[in-house]
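Please read it with the structure below at hand.

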Amino acid sequence: MLKLVRAVMPKVKEEEKWKPPEKMEKRKPTSQAEWEASLDTLAANKSMWSKKEDQEKAILLQTCMNNIVQVMEEAAAIGHRAKGQYEMGLAEEMFAWVTCILFAKETIQFLLEGDNCLHGVTSRQVGNQVVCTVLPTGLDCMLYAEYRGEVWLEPGQPPTVGQKAKAVQEREELALILGAGNQIPVIFGDVIHKLFVESSVAMLKFSPVNCYNGTVLEKVFEPLLNLGILKFAYGGSDVGEALVGHKKVDAIHLTGSEDTFNAIVWGGTPDEGAEGTRAVNKRITAELGGCTPYIIFPGEWTNEQLDYMARQIVAGKVHNSGHNCLAAEVVVTSRTWRQREQFLNRLEHHFNTTAQRVPYYPGSFEKYKAFKRAAARANLKELGKVGVEGAVPWILVENLDPKDVDGTEHWCGVMQEVALDLPDDDLNDFARSAVEFANERCAGQLSCSVWASQEVQTKLGAAWEKDVILGLRYGSISVNTCILPAFGFSRLGWGAYPGNGLDNIGSGNAMIHNSLRFDHLQKSVLYCPLPVFPPAIWLHDIKNGENIARLAAKYFANPSIGALAKLAVANLRA
């Protein structure tokens with residue numbers, strides 16, 4: 001009977017479920033009297049929170065994590081109203097909240113176990129650097145059996161943990177968090193890092209772009225708000241400027257753009273080395289963006305591998321409509337690679353089977369149009385499935401010479417392919433040239449993706465780590481996957497490659513997440529199998545996504561064999 005009902009029911013086309021973004025109601029700006037009172041409360045509680053036992057903190061964070069499970073679908077629906085809804089329904093925003101659960105889970109583990117949570121972490125020496133394997137662990141070994149997550153420490157530094165965080169804790173800081181406007185896990189991760197890694201109290205100033213998240217985060221963070229260790233503020237740049245300059249604010253953390261950072265620190269463009277002219281003399285950390293390169297090593301790839309590679313790269317672009325600091329920007333290939341045309345065909349295919357999206361983030365449509373005008377003479381292709389009103393095609397520009405690449409962060413739905421001219425696909429030559437291009441021509445030092453088969457890695461031998469992994473000046477490197485999962489594991493740090501100064505900030509000067517609290521993190525490297533079955537849950541076009549996200553939230557919040565089994569079965573239908 002059920003089959004008969006399904007047979008006679010009219011089928012709903014996928015496109016009919018797509019929805020454009022809605023104009024969201026802005027939160028009323030927090031008055032000066034209100035945020036002054038909040039700062040007074042936070043300042044009064046600095047010492048109390050700094051001295052609170054880690055076990056008590058873990059209980060509070062566990063409550064916040066359980067709250068996410070309860071409100072996740074409501075929160076995802078709000079997010080999709082603001083951003084638009086496409087192939088995966090509510091699943092894309094639901095997975096964003098699953099990432100928040102992962103952050104909380106891994107932070108709770110350190111709070112409860114301290115240094116004991118390093119049990120199972122293995123280390124090795126590469127030259128004068130310590131490399132620690134931190135993933136997978138526990139039951140997750142069954143979920144990510146073929147994955148490997150490493151943290152690389154700075155040269156000559158020991159694998160100590162917690163000393164830098166302890167130093168901040170002893171200062172008893174009141175931190176101002178200038179929240180990201182694009183993604184809820186960024187906001188959540190910043191709050192968790194400040195409160196539970198550094199033991200600071202914090203004022204979270206929401207971006208006007210996504211202040212609609214405040215209602216949900218009030219439910220999630222209810223125990224922290226009630227305790228007076230976290231407060232919220234809403235409004236425009238005037239509220240932000242007043243908070244930045246307030247005498248009770250000891251430290252500032254920003255997720256945003258280099259321009260915003262320079263405006264805060266220097267009041268405009270910095271004069272190199274001019275420490276005396278700083279507009280704000282407080283401890284300030286930042287996680288900023290960049291132009292993310294995807295390096296494709298030449299080699300013999302199977303048809304399945306080429307297809308999955310292209311699908312992952314498209315996922316790395318279209319997620320959140322391209323409004324991500326880790327969005328795929330430039331694909332680096334060898335012009336003489338025999339399978340290059342086949343790969344580009346698959347890349348175009350996956351863009352063409354993907355919904356065109358609305359550039360909802362303020363200013364992103366202007367950047368999109370400017371790129372399109374500048375690239376008009378190049379081999380520009382407009383791709384994607386036409387859907388909701390206001391959506392624009394994905395732009396792919398192929399076959400560029402390195403000198404013609406626009407290596408800035410575009411924050412919209414555009415991608416470039418650069419073909420390096422190298423003789424005979426020599427792997428060592430390609431490695432050196434691709435690494436040099438990524439380091440010198442792509443803005444920032446945040447994240448990079450490298451695609452190299454096991455055969456290629458073996459052929460390169462010691463040069464794989466020496467020239468590629470060590471050579472890339474990026475804080476996060478993903479091997480055979482898009483960047484998205486590297487952001488989601490807080491046991492891997494997230495932030496710019498070390499060395500940026502306040503007068504040349506690049507992608508920032510902070511390594512956040514870092515739930516294991518390594519003191520001297522240089523970079524993180526995530527290795528993934530290729531291809532993956534079932535398909536990776538961070539892909540933009542998986543089936544059954546909402547159910548998988550629901551089950552993933554329950555599993556990560558309260559891991560058990562039963563919850564893992566349910567998640568695994570759902571994944572088979574992805």
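On a 1 Å grid over the protein atoms alone, a cavity is a set of points where a 1.4 Å probe fits but cannot get out, whereas a pocket is an open set with protein on both sides within 12 Å along at least five of seven lines, and lining residues are those with an atom within 4 Å of a point. Grid points are joined across faces, edges and corners, and a volume is the space filled by probe spheres set on the points. With these terms, a search of the whole structure finds seven cavities of 30 Å³ or more. This is a predicted model, in which local features need pLDDT of at least 70 and side-chain atom pairs count only at pLDDT 80 or more, while totals for chains, interfaces and linings use all residues. Residues are numbered from 1 along each chain as its sequence is written, and side-chain values use heavy atoms, with hydrogens and water left out.

**Cavities and pockets**

- The largest cavity has a volume of about 490 Å³, and among its 27 lining residues Phe95, Thr99, His319, Leu484 and Trp538 lie nearest its centre.
- Helices (H or I, at least four residues) and strands (E, at least two) are DSSP runs numbered from the N terminus; of these, α5 (91–113), α8 and α19 (484–488) each supply at least two residues of the lining of the largest cavity, and α5 gives the most, with seven residues.
- For the classes, Ala, Val, Leu, Ile, Met, Phe, Trp, Tyr, Cys and Pro count as nonpolar, Asp, Glu, Lys and Arg as charged, and the others, Gly among them, as polar; the lining of the largest cavity then has 19 nonpolar, seven polar and one charged residues.
- The largest pocket has a volume of about 1200 Å³, and it is lined by 49 residues, of which Leu254, Gly256, Ser257, Glu258 and Thr260 lie nearest its centre.
- Two or more residues of that lining come from each of α11 (237–244), β7, α12 (258–266), β8 and α15 (364–374), with α12 giving the most, five residues.
- By class, the lining of the largest pocket has 18 nonpolar, 23 polar and eight charged residues.
- The second largest pocket holds about 650 Å³ of space, and of the 29 residues that line it the closest to its centre are Lys164, Asn509, Ala510, Met511 and Asp519.
- The elements giving two or more residues to the lining of the second largest pocket are α7 (163–171), α8 (184–197), β8 and β17 (511–513), and the largest share, five residues, comes from α7.
- The lining of the second largest pocket divides into twelve nonpolar, nine polar and eight charged residues.

- Strand β7 (residues 251–256) pairs with β8 in the parallel sense over six bridges, and Ala251 stands opposite Arg283 in β8.

**The eleven-stranded sheet**

- Eleven strands form an open sheet of mixed pairing, in the order β1-β2-β3-β18-β15-β14-β9-β10-β13-β12-β11, and the twist averages 20° from one strand to the next.
- Strands β11 and β12 (residues 394–400) run antiparallel and are joined by five bridges, and the bridge partner of Leu380 in β12 is Val397.
- Helix α15 packs on this sheet, touching β11, β12 and β13, and its direction makes about 35° with that of β12.

**Gln416**

- Gln416 has its place in strand β13 (residues 414–420), and it counts as buried (under 20% relative accessible area, with over 50% exposed and partly exposed in between, for a 1.4 Å probe and protein chains only) because its relative accessibility is 4%.
- Leaving aside neighbours within four places in sequence, Gln416 is in contact with residues including Phe371, Val397 and Leu400.

Definitions and conventions
Two strands pair if DSSP finds at least two bridges between them. Contact means heavy atoms within 4.5 Å. Axes are lines fitted to C-alpha atoms, for helices over the stretch in contact, and angles run from 0 to 180 degrees between N-to-C directions.
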